[in-house]
Amino acid sequence: MNASPDPLLDLLALLDLEQIEQDIFRGTSRSALVPRVFGGQVAAQALVAAGRTVPADRPAHSLHAYFLRMGDPGAPIVYTVDRIRDGRSFTTRRVVAVQHGQPIFHLSASFQTYEEGLEHQADMPPAPDPETLPTAAEMLPRYADRFSEPGVVDRLIEARAAVDLRYVDAPPFGSVGEPREPRSQVWFRTNGKLADDPLLHVCMATYVSDMTLLDSVLLAHGRGGWAVGDVVGASLDHAMWFHRPFRADEWLLYDQESPSASGGRGLGQARIYTQDGRLAITVIQEGVVRVPRTD
């Protein structure tokens with residue numbers, strides 16, 4: 001495994017899009033565990049593009065996105081931003097990501113000026129201290145025999161090197177053949193300090209949000225996941241609501257569950273809390289989850 005000496009800097013460079021014209025940006029990709037662009041990367045880059053056309057005093061409060069086609073990691077992605085609305089309090093942007101002349105991803109995002117209002121939130125669920133949980137480098141080698149191909153452990157560790165992501169309970173590939181309650185918790189933060197730009201923290205959380213959200217779908221059926229080879233799948237759509245300020249370089253609890261799977265699709269929904277119990281983000285995603293044919 002040829003890991004970068006600073007994976008977080010590499011990820012930040014990935015999110016630092018090149019502006020090639022007004023409201024048009026270009027991004028690159030890096031290899032993923034599967035031969036397509038990681039969905040969290042496209043979503044985060046699209047949000048970067050949208051955010052760069054919005055005043056800094058209007059942070060993102062929601063995004064809604066569809067994954068249309070598999071992205072080619074060997075080709076650049078062009079992001080075109082439409083300035084749908086600039087109102088007194090809210091700004092709306094639409095972003096289309098294009099590769100090889102075809103749209104691969106579509107995002108709508110809304111931004112809002114800060115204002116006072118009613119306050120309440122769902123309570124943070126119980127979770128252990130993240131510092132007591134094993135890191136990916138400590139946990140993943142335990143399951144090397146579960147994966148369908150050699151080298152998957154190294155590739156998983158490398159893919160997540162910029163983010164310290166720690167499972168509270170065994171991941172899907174740690175309990176293959178043992179259906180469990182469709183709930184999953186992970187703690188995460190970046191492996192290094194980030195600048196104070198709120199857009200950067202929101203985009204980083206968007207990137208991470210696509211890593212584990214469908215785990216709970218797999219847990220309900222005792223499936224190990226794409227790296228094990230007992231399911232095939234891909235993200236279909238993704239929605240996030242950003243409720244309160246947070247830092248992606250401080251511990252965040254990603255509390256995930258699956259209320260439904262049917263028709264070759266699985267639904268994941270989640271809440272992301274700061275370590276002191278503030279509800280920061282709500283996330284919902286649907287994905288294709290299919291059992292491979294054996295004929």
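Student: Which residues lie nearest the centre of the second largest pocket?
Tutor: Tyr-114, Phe-242, His-243, Arg-244 and Pro-245 do, and the lining numbers 24 residues. A pocket is an open set of points on a 1 Å grid over the protein atoms alone, where a 1.4 Å probe fits, with protein on both sides within 12 Å along at least five of seven lines; lining residues have an atom within 4 Å of a point. The model is predicted: local features need pLDDT of at least 70 and side-chain atom pairs pLDDT 80 or more, whereas totals for chains, interfaces and linings use all residues. Residues are numbered from 1 along each chain as its sequence is written, and side-chain values use heavy atoms, without hydrogens and water.

Student: How much space lies in that second largest pocket?
Tutor: About 820 Å³, a volume being the space filled by probe spheres set on the points, which are joined across faces, edges and corners.

Student: Which element supplies the largest share of the lining of the second largest pocket?
Tutor: Helix α5 does, with three residues. At least two residues each come from β3 (60–67), α5 (198–212) and β9 (232–242). Helices (H or I, at least four residues) and strands (E, at least two) are DSSP runs numbered from the N terminus.

Student: Turning to packing, at what angle do α2 and α5 pack?
Tutor: At about 160°, with axes 7 Å apart; α2 spans residues 39–51. Axes are lines fitted to C-alpha atoms over the stretch in contact, and angles run from 0 to 180 degrees between N-to-C directions. The two helices α2 and α5 are therefore roughly antiparallel (over 145 degrees).

Student: And how do α1 and α5 cross?
Tutor: At roughly 105°, their axes coming within 12 Å; α1 covers residues 7–15. Helices α1 and α5 are therefore roughly perpendicular (65 to 115 degrees).

Student: Which residues make the contact of α1 with α5?
Tutor: Leu-8, Leu-11, Leu-12 and Leu-15 of α1 meet Leu-200, Met-204 and Tyr-207 of α5, where contact means heavy atoms within 4.5 Å.

How values were computed: Angles under 35 degrees count as roughly parallel, over 145 as roughly antiparallel, 65 to 115 as roughly perpendicular and the rest as oblique.
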